[in-house]
Every structure is written in structure tokens, then in C-alpha cells.
Amino acid sequence: EEIAKIEGVVDVESDLEPGKKELRVFVNEAAAAEAGVSPQDVAMSVRAAFDGLVPTKVRKLDEEIEVRVLFPEEDRSRGRAALSDVRVPNRLGYLVPLKNLATVREDVGFTSIKHSGGKRTITLSADVDASKTSSFRANALLQPKLVERMREFPEARVSFTGEDEDTKESFQNLGRAFILAAGLIFLIIAS
């Protein structure tokens with residue numbers, strides 16, 4: 001949104017495509033620990049309710065049939081309401097209601113999540129109308145807005161690539177060439 005507001009920046013695209021609605025379960029770690037339940041226990045119970053578990057397989061002649069245990073279809077289709085029926089076993093074997101351990105939020109998921117170096121990545125790209133601005137100026141206008149926005153997401157990292165990266169590399173090479181030229185001039189004069 002902020003990128004598109006910069007005059008001269010056109011064709012802004014993102015590879016983060018919204019997908020279907022999804023339910024996200026956020027475990028209250030203090031409440032879970034007090035109840036003797038780990039976040040993994042919560043995840044496994046929610047997954048078991050909707051995707052099912054395979055506690056055994058039955059062999060019939062040359063065929064192996066999985067026995068899958070899960071919520072009935074009418075319960076699974078209730079979405080968020082179905083989660084109120086999920087119970088999570090604790091270390092003592094008691095079943096703890098999910099609502100005592102976590103909050104559930106409905107969000108829009110993504111069609112795909114890309115990774116680079118083991119971390120999630122989002123690529124934003126745009127073109128610049130050279131008659132109105134330059135990529136260097138557009139990036140300079142965008143950076144303060146990003147710094148402000150990054151306070152909300154301290155773990156996130158931003159990198160500028162493309163023409164901005166090429167410009168920085170050119171300046172670095174120019175600096176190296178200047179130092180080399182100055183050294184050669186000194187050697188010539190000293191000889």
C-alpha cells in the first residue's frame with residue numbers, strides 16, 4: 001500500500017497471495033503449563049480432531065486399510081465452533097477443554113508461503129516511471145515508512161534488491177577503483 005502511494009511507482013506486485021479462511025490457534029503457554037499440557041499436545045489434539053489419527057491398520061487379504069479416528073464431518077464443518085468440543089489430554093490423563101488453553105482467531109491464509117534460507121519471505125516488486133522519479137528516490141521515501149512499520153515486527157528483515165542493489169554495488173566498486181587508482185598514482189610519483 002505504501003509503495004503504491006509513491007508518485008512514479010507503478011505495477012506494484014506481491015507474491016503473497018491471500019487464500020482461504022483458516023483458523024489459527026494461539027496457545028496461552030502459562031495456562032497450558034499450569035494444566036500440564038504442552039503446545040505440541042494442543043496442536044496434536046486439534047489436528048487429530050480435524051485430520052484424524054491412525055491408531056491402527058487392518059489387513060484384509062493383500063490390502064492394508066487405515067483406521068482413522070476424527071470428528072464427524074458435520075462437526076468439522078462447524079469451523080470455529082467445533083473447536084469448543086476439542087479436549088486436550090494432560091500429563092495425568094485428564095481432558096482439558098481447548099478454550100482453557102488457547103484462543104482461536106479466524107484469518108485469511110495464503111495460497112503459498114515461500115522460504116529463503118529457512119525463513120519465510122515475501123517479495124514485493126514495482127516498476128518506476130523514470131519521468132516522475134528514480135528507484136533510488138522511491139526507496140529513500142519508502143525506507144522511513146518501513147522503519148516505522150518494522151517496529152511492529154521486530155523479527156522481520158527487509159532488503160532492497162534490483163536497481164537499488166546494483167547502485168550500491170556500483171558505488172562500492174567505484175570506491176575500490178578510486179583507492180586502487182590513488183595507490184597506483186602514488187607508486188608512479190614515488191618512482
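Biologist: Where does Val58 lie?

Modeller: In this predicted model, Val58 is part of strand 3, which covers residues 53–60.

Biologist: Why is Val58 called partly exposed?

Modeller: Its relative accessibility is 40%. Buried would need a value under 20%, and exposed a value over 50%. The 40% of Val58 falls in between, so Val58 counts as partly exposed.

Biologist: Which residues make the nonpolar surface patch of about 280 Å²?

Modeller: Val58, Ile65, Val67 and Val69 make the patch.

Biologist: Which strand gives the nonpolar patch its largest share?

Modeller: Strand 4 does, with 3 residues. That strand spans 63–69.

Biologist: Where is the place of Leu61?

Modeller: Leu61 sits in the loop that joins strand 3 to strand 4. Its phi is positive, about 55°, although Leu61 is not a glycine.

Biologist: What makes Leu61 exposed?

Modeller: The relative accessible area of Leu61 is 85%. Exposed means over 50%, so Leu61 is put in that class.

Biologist: Which salt bridge joins the side chains of Glu66 and another residue?

Modeller: Glu66 pairs with Arg68, at 3.3 Å from N to O. The cut-off is 4 Å, and 3.3 Å is within it, so the pair counts as a salt bridge. Glu66 is partly exposed at 44% relative accessibility, and Arg68 is partly exposed at 42%.

Biologist: How many salt bridges does the count come to?

Modeller: The count is 9 salt bridges. One of them joins the side chains of Lys21 and Glu106.

Biologist: How do you know that Lys21 and Glu106 meet in a salt bridge?

Modeller: Their N to O distance is 3.6 Å. The rule asks for a Lys or Arg nitrogen within 4 Å of an Asp or Glu carboxyl oxygen, so the pair of Lys21 and Glu106 qualifies. In general, side chains of opposite charge can pair when their charged atoms come close.

Biologist: Why does the pair of Lys21 and Glu106 tie together parts that are apart in sequence?

Modeller: Lys21 is in strand 2 (residues 18–27) and Glu106 is in strand 7 (residues 102–110), so the pair ties together parts 85 residues apart in sequence. Lys21 counts as exposed, at 65% relative accessibility, whereas Glu106 counts as partly exposed, at 39%.

Biologist: Which residues are linked with Arg105 in a network of salt bridges?

Modeller: The network links Arg105 with Glu22, Arg24 and Asp107. The side chains of Asp107 and Arg105 meet at 3.1 Å, N to O, and that is within the 4 Å limit, so they form a salt bridge.

Biologist: What does Pro18 touch, not counting residues up to four places away in sequence?

Modeller: Pro18, a residue of strand 2, touches Val108, Gly109, Phe110 and Thr111. Pro18 and Ser112 are 94 residues apart in sequence and 8.6 Å apart in space, C-alpha to C-alpha. Pro18 has 55% relative accessibility, over the 50% mark, so Pro18 counts as exposed.

Biologist: Which residues gather with Asp11 in a patch of negative charge on the surface?

Modeller: Asp11 gathers there with Glu13, Glu17 and Asp127. Asp11 lies in strand 1, residues 9–14, and has a positive phi of about 50° although it is not a glycine.

Biologist: What makes Asp11 exposed?

Modeller: Its relative accessible area is 53%. That is over 50%, so Asp11 is exposed.

Biologist: Why does Thr133 count as buried?

Modeller: Thr133 has 8% relative accessibility, and buried means under 20%, so Thr133 is classed as buried. Thr133 lies in the loop between strand 10 (124–128) and helix 4 (135–150). Leaving out residues up to four places away in sequence, Thr133 touches Glu7, Gly8, Val128 and Ala138.

Biologist: How far apart in space are Ala190 and Ala33?

Modeller: Ala190 and Ala33 are 75 Å apart, C-alpha to C-alpha, and 157 residues apart in sequence. Ala190 is found in helix 5, residues 163–190.

Notes:
Residues numbered from 1 in each chain as written. Predicted model: local features only at pLDDT ≥ 70, side-chain atom pairs only at ≥ 80, totals over all residues. Heavy atoms only, no water. Helix = DSSP H or I, 4+ residues; strand = E, 2+ residues; numbered from the N terminus. Buried < 20%, exposed > 50% of the residue type's maximum accessible area, 1.4 Å probe, protein only. Patch = residues over 30% accessible without salt bridge, like charges linked within 9 Å, V, L, I, M, F, W, Y side chains within 5 Å. Areas by Shrake-Rupley, 256 points an atom, 1.4 Å probe, with all protein chains shown as cover. Lys, Arg positive; Asp, Glu negative; His and termini not counted. Charge placed at Lys NZ, Arg CZ, Asp CG, Glu CD. Contact = heavy atoms within 4.5 Å.
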